[in-house]
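Subject: Structure handover

Hello,

Here is the structure I promised to pass on. Please open it first, then read my notes beside it.

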Amino acid sequence: MMKFRFRRQGADPQREKLKQELFAFNKTVEHGFPNQPSALAFDPELRIMAIGTRSGAVKIYGAPGVEFTGLHRDAATVTQMHFLPGQGRLLTLLDDSSLHLWEIIHHNGCAHLEEALSFQLPGRPGFDGASAPPSLTRVTVVLLVAAGDMAALGTEGGSVFFLDVTTLTLLEGQTLGPDEVLRSLPDDYRCGKALGPVESLQGHLRDPTKILIGYSRGLLVIWNQAARCVDHVFLGNQQLESLCWGRDGSTVTSSHSDGSYAVWSADVGSSPALQPTVATTPYGPFPCKAINKILWRNCESGGHFIIFSGGMPRASYGDRHCVSVLRAEVLVTLDFTSRIIDFFTVHSTRPEDEFDDPQALAVLLEEELVVLDLQTPGWPAVPAPYLAPLHSSAITCSAHVANVPAKLWARIVSAGEQQSPQPASSASSWPITGGRNLAQEPSQRGLLLTGHEDGTVRFWDASGVALRPLYKLSTAGLFQTDCEHADSLAQAAEDDWPPFRKVGCFDPYSDDPRLGVQKVSLCKYTAQMVVAGTAGQVLVLELSDVPSEHAVSVASVDLLQDREGFTWKGHERLSPRAGLLPWAAGFQPRVLVQCLPPAAVTAVTLHTEWGLVAFGTSHGFGLFDYQRKSPVLARCTLHPNDSLAMEGPLSRVKSLKKSLRQSFRRIRKSRVSGKKRAANANSKLQEANAQLAEQACPHDVEMTPVQRRIEPRSADDSLSGVVRCLYFADTFLRDELCLAAAHHGPTMWAGTNSGSVFAYALEVPVAAAAGSEKRPEGAVEAVLGKEVQLMHRAPVVAIAVLDGRGRPLPEPYEASRDLAQAPDMQGGHAVLIASEEQFKVFTLPKVSAKTKFKLTAHEGCRVRKVALATFASVACEDYAETCLACLTNLGDVHVFSVPGLRPQVHYSCIRKEDISGIASCVFTRHGQGFYLISPSEFERFSLSARNITEPLCSLDISWPRNATRASYRLRESPKLSQANGTPSIILAPQSCDGSPDPAHSKGTDTSEPLEAVLSPMSVDSATSADTTLDTTGDVTVEDVKDFLSSSEESEKNLRNLAEDEARACAILIK
């Protein structure tokens, strides 16, 4: 018998051109708070702020939407950063003592960040560079002289070097060694002791020739760089930590390692000052920790601010992270929940001004940025329009809602404003306002919902570059937890000394892990949502504009039904509060459905038009009518041998005998199948195949790929009953004699981990009047219509029904409110079932296979996330295609046509080792996506050539008259990667005149014109409605298995691909 495999035709040029107009992959912006920040800088003239990280990233922020990102070539920690005021240039110091100069360059009206120069300090003068200890030339502190063209570098060896900033070259003959300073000291102070490293360098605001130098030993020196002499000496004996020079230069404030600070007068004569005018330990007299940094700011209204970090009593509060703000008799100890990196004040820096008059205090912490308004009594916190900590509590799930109606958007914003009302006397707003956002106003609003470990759901404005917090929903108030006792203790301790004040929203500790949010679904047309948690709680909520007090209906659904012999050994269910409960304006709970056993909810879906909510766990799925507050359906999906789920997720008591029996069965089964394959193979046929494969074949045609053989999964695998997806659809399910006589109606679909698909026909009461918002009272009934078992028992990731035109069905109320084109109910419908191994389209109502694509067989990967998205064309505004976007366990994104399931494009998106990033990915309806690159950051990417959200901004830079851009540019700049492997920016290659090369300024692989690529986001027309399938989930055992075996599989896949390409003929003999 001979089997012919026909060769497919080559690529269609017209289709390839259309693909370029529809698809393009770009990583556009990073939302959230930078991971592991290590340095901070602020430009008071341009009003921009820079944050450096331990992975070598540099991020500059201005007004909302103004962002610049760069990455050092070496993944070293950024220890210090300094702006050249008003020039858009930034000097960074890494922990390897290398200096780097960055410039904000404008090209085609938009600005981007480039690294211009780098510098490494040579060996210690007077020593052989090869034998000099590297620690002696390690740079400890950097000071930009007020003129901005010179920098002073303090080192570990006590020397101060001077650098030309424009060229990053050392100034010969300007170096200040410790010996020159020692000659100016009294003999009894020298006494053979070294000065130690240079701890601090401070410049005089009005006299740039004077530099205040502080050594670790405690010595303070005012050095006159013009006269090259010591003007003043302060003989301190306590180890120095930080220095601050008063605005008029008459006072010097020093902080020390014993928790004290001292104020020195610089007005006295040239004789050394032996004692400070003021010396105090704010939190003494007991031993205190070091004051790491101190600021002194004077005010026109009288008095001054003293702001310092650290200094807390070592025994009692040594583990606190505090910044103290002192003015006159008022002392506030700001208590933070993460380590303090750095802080600065926003104040007047013009030399002609007599007073600092600080307006705001910005504190960079390890996990968040906090800004305080110093001009308003009480010094309240200023809400951040961006850089909000996404991980204030650990993110457990996420979802995206596109095209949010303006009315709902306004109601959510109003509810958020009522949560954190600003004082009427607050005149200060966000102080970092530099630059201009050139991006057009988004034509549609997008919501990003994040569920958290503490039971909260946070709403974010994901319409543009800046991810702005809108509203926070908390579900903990419905349940009885132990947090009330802790709150009362915290209130009782507030009157103690020091006067602590909790600041910031980062709180990684959850009162009860059972509160964690697992799934979220929001209906944007009725303002109703469902939140499902770790302990089997399913909450149905509704948005209210006013506070209310009402009781929440509670119902239980037993998913085991008639299953006997089950013992739940997991956590207990949460105890709901009884009686009337107060609820603030916003989303208020109406119904609580408790799944029994209280296992984590793995899937949820909401249909507000029918008043139904469906939910699934590892034991089964249920259907609940929240309008009548009654259960409709409960189905157990446990396999008889599913012992792991039967004993609960926290139990590991499966018998050793059973485990061994199952292992031997698998081994025996694999041996038998191997023998059968060997017996069927004939050596003569193999030789004939080999000879045919060696024959020449034209290479300009594409061959059908040889598929990998997929082993079927065992039916008794543990956790086979986990419900992976749920879906509502108005479609054809009941079999009729002919299609013309078929009737469509409400259906519910459920897919499990063992490849089973259950389809139920629902009897939902129909509203008498067309357009009625509420369905009539009446019981909802569910009847099992179809049950499909996939051959290889691969987990079902997503389900979607396509209408007669092959388009996804609209969301609830979209068609009835004329917000989307009504689905085609005349032609035959089809259901798309996406499993981990393949995509398959079945006709309805017969459920017969129509089309399929075996992704695992062709590509050697497994499906992790799936979504239907609409891709609009760049060339034609009216043309769009609905496609299937898929993320695999290898981190690749594939796009397929619908319903033909033809591969369109595929891109490498996430590192395959980044399991949490793959598990956290969520697609949008318009061809974009988000995934976590760190616990606090979302990477945003776009698969659409038209719908791109990226920073487009400009900055007003005032260059000095004689300043020129650095000529020693970095010529070659390969695509850089962050520590997590995601590309950040591409440093544009420079032309001969120093301007960016237009051919490389965009940094993308597409050849589309700039206007087309930078076009604003488009709103899909009503004819191209699509659906995002909710496949958000936690990291599974399969993910870890994929990661552990990725190296072997990748080598095997490469060998298979090599063998496939080596075959030169499409005829096989069997």
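Start with a stretch to treat with care. Over residues 125-131, pLDDT stays under 50. The model has 3 contacts beyond four places in sequence for these residues. Residues 967-1033 also stay under 50 in pLDDT. For that stretch the model has 174 contacts beyond four places in sequence. Remember that this is a predicted model. Where pLDDT is low, the predicted coordinates should not be read in detail. For the protein as a whole, the mean pLDDT is 82. Of its residues, 76% reach 70 or more.

Now the overall picture. The protein has 1070 residues, and 54% of them are buried. Its secondary structure comes to 14 helices and 63 strands. Take the contacts with a separation of 6 or more: residues 24 or more positions apart account for 62% of them. The protein exposes about 46600 Å². Carbon and sulfur atoms supply 51% of that area.

Look at strand β55, residues 863-872. How many of its 10 residues are buried? The count is 10 of the 10, so β55 is largely enclosed by the rest of the structure. Its partner is strand β56, residues 880-888. The two strands run antiparallel, and 9 bridges join them. To find your place in the pair, pick Val-863, which stands opposite Thr-888 in β56.

Gln-588 sits in strand β42, which covers residues 586-596. Is Gln-588 buried or exposed? Its relative accessibility is 1%, so Gln-588 counts as buried. The side chain of Gln-588 reaches the backbone oxygen of Val-546 at 3.1 Å. Leaving out residues up to four places away in sequence, Gln-588 touches several others, including Val-540, Leu-541, Glu-542, Pro-547, His-550 and Trp-583. Val-546 is also among the residues that Gln-588 touches.

Last, the salt bridges. Side chains of opposite charge can pair when their charged atoms come close. The structure holds 28 salt bridges. Here are some to look up:

- Arg-411 and Asp-545 meet through their side chains, at 2.9 Å from N to O. Arg-411 lies in helix α5 (residues 406-419), and Asp-545 lies in the loop between β38 (537-544) and β39 (548-550), so the pair ties together parts that are 134 residues apart in sequence. Arg-411 is partly exposed, at 23% relative accessible area. Asp-545 is partly exposed too, at 44%.
- Arg-445 forms a salt bridge with Glu-441, and their closest N and O atoms are 3.3 Å apart. Arg-445 is partly exposed at 27%, whereas Glu-441 is exposed at 59%.
- Glu-913 and Arg-911 meet in a salt bridge at 3.8 Å, N to O. Glu-913 is partly exposed, with a relative accessible area of 37%. Arg-911 is partly exposed as well, at 34%.
- Glu-30, Lys-59 and Glu-937 are linked in a network of salt bridges.

Then go to Gln-588 and trace its side chain to the backbone oxygen of Val-546.

Best wishes

Technical notes. Residues are numbered from 1 along each chain as its sequence is written. This is a predicted model: local features need pLDDT of at least 70, side-chain atom pairs count only at pLDDT 80 or more; totals for chains, interfaces and linings use all residues. Side-chain values use heavy atoms; hydrogens and water are left out. Helices (H or I, at least four residues) and strands (E, at least two) are DSSP runs, numbered from the N terminus. Buried means under 20% relative accessible area, exposed over 50%, partly exposed in between (1.4 Å probe, protein chains only). A polar contact is a pair of N or O atoms within 3.5 Å; within protein, one must be able to donate a hydrogen and the other to accept it, and residues adjacent in sequence count only if both atoms are side-chain atoms. Contact means heavy atoms within 4.5 Å. Accessible areas come from the Shrake-Rupley method with a 1.4 Å probe; for residues, only the protein chains shown count as cover. A salt bridge is a side-chain nitrogen of Lys or Arg within 4 Å of a carboxyl oxygen of Asp or Glu. pLDDT is the predictor's confidence in each residue, from 0 to 100. Two strands pair if DSSP finds at least two bridges between them.
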